[in-house]
Amino acid sequence: MSIPLFLVQLLNGLQLGVLLFLVSAGLTLIFGVMGFINLAHGALYMVGAYLAFTLTGVTGSFLLSLLLVFPAMFLLGLGLDTLVFRHFYDRDHLDQVLVTFGLIVILDEAVKMIWGRAPLSVPIPAALSGSITLMDGLLYPAYRLAIIGAGLAVAVLLSILVTRTRAGMLVRAGATNARIVAALGVNIRGLFMLVFGVGAMLAGFSGVMAAPIFALEPGMGDAFLILAFVVIVTGGIGSIRGAFIASLLVGLVDTLGRSFATDLLKLTMSSSAAGRIGPALASMSIYILMAAVLFFRPAGLFPAAGRA
Amino acid sequence: MWTRRLLPALLVAVVAALPLVTSADTSAFAVTLGSRMMLFAIAALSLDLILGYAGMVSFGHAAFIGIGAYAAGILDAENVGDVMIGLPLALVVSALFAGATGYIAIRTKGAAFLMITLAFGQMAFYLANSLDEFGGSDGLTLNNRATVAGADLLSSDLTFYYVILACLVLVFIFLRALVASRFGRVLRSTKEHPLRVAALGYNVDHVRLTAYVIAGAICGLAGYLMANQTEFVSPASMTWQTSGELMFMVILGGMSTLYGPLLGAAVIVGLENFLSGYWEHWPILLGAVYLVAALFARGGIVNLIRGAKP
Amino acid sequence: MKVLSTLLGCAAAAILTTSASAAAEPVKVAFMNSLSSTSSVGAKQGRDGFALALKELGGKFGGVDTQVIWEDDEGKPDVAVTKAKTLVERDHVDAIVGFTFTNVAMAALKPIVDSKTFFLSTNPGPSPVAGKRCSPYFFSVSYQMDLESGASGKYANDAKLDTAFLIAPNYQAGKDSLGGFKRLYKGKIVEEDYTPLHQIDYSSDVARIAAAKPSALYVFMPGAPGVNFVKQLRQAGLADKVTFLSAFTIDESALPALQDSAIGLYGSADWAPNLDNPANKKFVADFEKEYGYVPSNFSAHAYDAAMLIDSAVRAVHGDMSNKDAFRAALKKADFKSVRGEFKFNTNQFPIQNYYLVKAAKRPDGKYETEAVKNVMPMQGDEYAKDCSMK
């Protein structure tokens with residue numbers, strides 16, 4: 001294990017973290033503000049990616065398809081909110097779990113029917129197809145730097161939106177106590193619809209950004225869904241800052257765990273035992289992290305005010 | 001009144017009679033599918049105790065299925081597959097796992113509890129996946145079903161069907177009594193008014209942990225029987241998707257009704273079995289069922305039938 | 001009274017007796033694989049191959065009335081057990097064909113062979129079943145996993161690639177595949193990387209490969225993970241710096257996604273669309289005409305399975321009741337395989353050629369693998385000696 005390799009893995013971990021943040025930002029917003037468990041968030045990420053595939057194929061431009069996905073996902077979010085989810089904001093969390101899970105199953109199968117079962121690929125946009133040399137023989141695609149940039153931009157933007165704008169203030173107030181906010185004459189219905197639309201948009205955006213590096217497959221959102229929930233619960237539900245820190249932590253722990261678990265274990269036990277336990281431990285690492293955080297701080301690292 | 005005495009007896013009679021009154025082919029099918037439905041019903045019942053009655057939404061419950069199943073598998077692989085050893089082992093290990101993980105999980109609430117139980121479930125899954133000597137991710141085929149004190153009583157599918165039915169009935173009666181008992185009343189109160197319960201002098205955490213351990217042990221029983229019924233065990237029985245399915249059986253059927261999990265298990269296992277033969281893209285229909293049930297059958301199907309409001 | 005009791009007696013008899021008599025039974029075959037699981041593309045391709053063959057045979061095996069039951073095991077072992085038992089006990093099928101995933105096939109193995117029903121695998125080729133747990137009722141029409149991977153190992157030896165980095169997901173098939181490679185590769189293994197099942201970003205593994213600088217890289221990564229890995233390897237500029245060898249990673253189920261990024265990468269397989277024999281030429285042409293995509297080995301194996309069954313049913317003249325005769329007919333493999341030369345070993349696993357294949361772009365713009373070298377001609381697996389069937 002060399003210093004350059006370690007630094008490279010550190011970068012990989014941070015980049016994974018930023019991508020996780022992109023995926024979980026929308027989820028924590030929806031869960032935090034509306035108390036709505038949206039299991040379909042991973043499926044929305046998938047829809048965003050598949051839309052990017054079709055739009056890039058049709059328009060020939062990744063940038064154009066990215067810009068088009070924003071309104072498409074926003075409208076999809078509004079549609080889902082109006083048609084289905086609005087009936088569930090007052091209902092038990094478990095009913096929300098049931099309805100959003102039903103939606104995942106429908107969306108996963110619909111994608112199979114429309115785009116087929118075979119994995120699909122979106123090419124990296126030409127403008128970002130360059131790369132930098134990280135260490136001897138290892139190139140780092142410029143596109144991954146773009147993902148990091150996009151994630152940081154979203155983090156900053158959301159932060160400003162939530163803490164510095166009136167809408168953001170209403171969102172935070174709505175997260176603390178929706179009824180009082182409604183009683184004060186604010187259109188809570190409209191607010192929730194907006195938040196859901198933004199959440200769907202963020203999910204779709206993360207799907208589009210991820211598409212050039214990851215294969216598209218029906219059900220691709222499922223793995224991300226679990227990771228996103230790990231992130232937002234570790235970070236504190238409803239907290240953008242919590243989601244950001246937790247994403248980086250999860251990304252780092254997962255990547256460094258995978259990279260070095262086996263090597264570290266080899267220091268204390270036989271090579272074959274380490275080869276067995278290492279991957280298993282690496283798979284569990286993020287769950288161990290989450291369980292440890294929750295044990296000491298059951299509401300997460302940075303619980304949104306009023307939720308501790 | 002008739003619901004309390006007559007309905008359960010009627011259900012048991014129908015289920016018991018089913019393999020006997022149908023033709024040989026259909027009977028074998030009824031035994032195979034019915035066994036699977038009943039085993040999931042036992043697992044779903046155990047989840048209802050904590051999810052429905054105590055409001056503890058566990059997303060890692062399938063881990064106990066895995067523990068019970070691997071108890072059966074490992075003992076069989078070591079040639080000591082007997083119910084007298086296996087069953088207590090499955091119950092004890094499940095209870096211990098529930099006790100240890102529950103102790104940590106009880107400190108959290110709501111979404112955090114959901115996720116921490118998921119975390120433990122995933123850890124159990126990855127652990128099972130790494131057991132190369134027991135097949136790892138490919139799993140293990142049992143040489144035979146467990147013997148009962150040395151006697152090869154369970155090898156007949158039909159006999160095992162009745163054994164499973166008996167276990168289901170016992171679990172149902174036990175849980176019904178537990179829920180109606182003082183412990184049960186206190187447990188139910190911790191869902192709505194934990195502060196009041198504490199003020200009355202009860203240790204809310206102890207009550208919940210006890211319920212969690214009982215639920216874990218019962219689910220371990222279901223897992224032990226499942227491994228014997230299919231004569232196979234693998235980590236696939238303890239994925240988070242399976243934990244989710246158990247949750248849906250309880251929610252769809254109707255939480256805190258005890259009949260709900262029975263109905264939910266039968267409906268979901270049945271739908272998956274039948275729908276998959278008709279259309280390549282049958283999961284869309286299943287998703288639609290979940291959607292419609294969530295929209296219109298508030299509180300699950302049982303509550304819809306009863307006309308109750310959540 | 002008498003009329004009533006007779007009627008009741010008839011009704012009772014109708015309920016209690018089994019259905020059709022044995023005499024005019026059609027041939028009943030079930031095709032089962034994992035259509036509604038994640039990574040279901042192999043299942044679909046297999047089903048398409050089997051369906052195409054059935055269509056070419058006019059819907060009949062051996063010219064006899066045939067009933068085919070299509071089943072979905074959802075990728076879940078316990079569902080497979082339930083469905084297998086139902087097919088055997090209620091539907092009395094003569095054979096269950098198919099399967100995509102090894103763990104699902106292993107679960108269904110016992111109920112199928114214990115009931116003396118034939119089990120023809122169109123994909124999984126697990127080593128336990130090739131050896132100690134072999135069964136007279138189990139045939140692998142596809143391959144044996146060790147050889148499918150071993151061909152890459154042998155080629156790496158022959159090409160004097162002295163260091164190798166191995167990578168596969170952390171599940172049994174991954175371990176088996178790497179094991180198969182190691183068995184025939186004599187060089188130095190610099191690392192064996194088992195990736196967690198949920199992983200999609202391989203940048204950390206790619207970094208380790210760059211640091212290790214192996215001469216050969218062996219990859220077993222079916223489905224989307226493989227597409228991710230190859231793409232990311234390419235983007236990191238490493239695909240040209242190592243000799244890329246693989247199994248099930250750059251095949252026709254992944255090529256539509258990989259496209260140009262796979263060109264020039266190698267794999268090992270027992271079949272490729274460009275194999276030059278009449279049966280294969282017909283198969284590939286008919287398949288593309290029917291389904292519009294290039295067939296993969298999942299399709300080819302399933303197609304062969306159907307043709308094999310057809311030949312065996314023909315040999316026993318549709319009389320499925322004599323299981324020993326049917327087995328002997330199957331074992332003869334008296335059909336024109338798309339793989340060219342094909343026969344069964346004593347353990348009822350194939351003896352066939354294993355090729356080095358290369359991903360390439362066809363003149364018509366589609367992508368396929370092309371066999372470039374017959375690395376192991378007519379090879380049987382080493383587990384046959386552990387099997388009690390001789």
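Visitor: Which residues in helix 7 of chain C are called buried?

Guide: This is a predicted model. In helix 7 of chain C, the buried residues are C:Gln172, C:Ala173, C:Gly174, C:Lys175, C:Asp176, C:Ser177, C:Leu178, C:Gly180 and C:Phe181. The word applies because a residue is buried if 20 or more other C-beta atoms lie within 10 Å of its own.

Visitor: How do you know that the span of helix 7 of chain C agrees with its 13 residues?

Guide: Helix 7 of chain C covers residues 172-184, and at 1.5 Å a residue it should span 18 Å. The C-alpha atoms at its ends are 19 Å apart, so the two values agree.

Visitor: What makes helix 12 of chain C count as largely enclosed by the rest of the structure?

Guide: In helix 12 of chain C, 16 of the 19 residues are buried, so the helix is largely enclosed. Following helix 12 of chain C is C:His317, whose phi is positive, near 55°.

Visitor: Into which domains is chain C divided?

Guide: Domain 1 of chain C consists of 27-143 + 275-344, and domain 2 of 146-269. Their C-alpha centres lie 29 Å apart.

Visitor: How many residues of domain 1 of chain C are in contact with domain 2 of chain C?

Guide: 13 residues of domain 1 of chain C are in contact with 13 residues of domain 2 of chain C. On the domain 1 side, helix 2 (41-56), helix 4 (102-114) and helix 12 (297-315) of chain C each supply at least two residues. Helix 2 of chain C gives the most, with 3 residues. By class, this side of domain 1 of chain C has 5 nonpolar, 8 polar and no charged residues.

Visitor: Why is chain B described as being as compact as a globular protein of its length?

Guide: Chain B contains 13 helices and 2 strands. Its radius of gyration is 19 Å, close to the 19 Å that the globule rule gives for 310 residues, so chain B is as compact as a globular protein of that length. The C-alpha atoms of chain B fill a box of roughly 55 × 40 × 40 Å along the principal axes. Of the 310 residues of chain B, 55% count as buried.

Visitor: What is the make-up of the contact between chain B and chain C?

Guide: Chain B contributes 27 residues and chain C 28 residues. Helix 2 (residues 24-53) of chain B provides the largest share of the chain B side, 8 residues. That side of chain B divides into 8 nonpolar, 14 polar and 5 charged residues.

Visitor: What is the make-up of the contact between chain B and chain A?

Guide: This contact takes 35 residues from chain B and 33 residues from chain A. Helix 5 (110-129), helix 10 (240-253) and helix 12 (283-296) of chain B are the elements that give two or more residues to the chain B side. By class, the side of chain B that touches chain A has 25 nonpolar, 7 polar and 3 charged residues.

Notes. Residues numbered from 1 in each chain as written. Chains lettered and ligands numbered in written order. Predicted model: local features only at pLDDT ≥ 70, side-chain atom pairs only at ≥ 80, totals over all residues. Contact = placed C-beta atoms within 7 Å. Helix = DSSP H or I, 4+ residues; strand = E, 2+ residues; numbered from the N terminus. Nonpolar A, V, L, I, M, F, W, Y, C, P; charged D, E, K, R; others polar. Expected span 1.5 Å × (residues − 1). Buried ≥ 20, exposed ≤ 12 C-beta atoms within 10 Å, placed from the backbone. Rg over C-alpha atoms; globule rule 2.2 N^0.38 Å. Domains from an automatic or database assignment.
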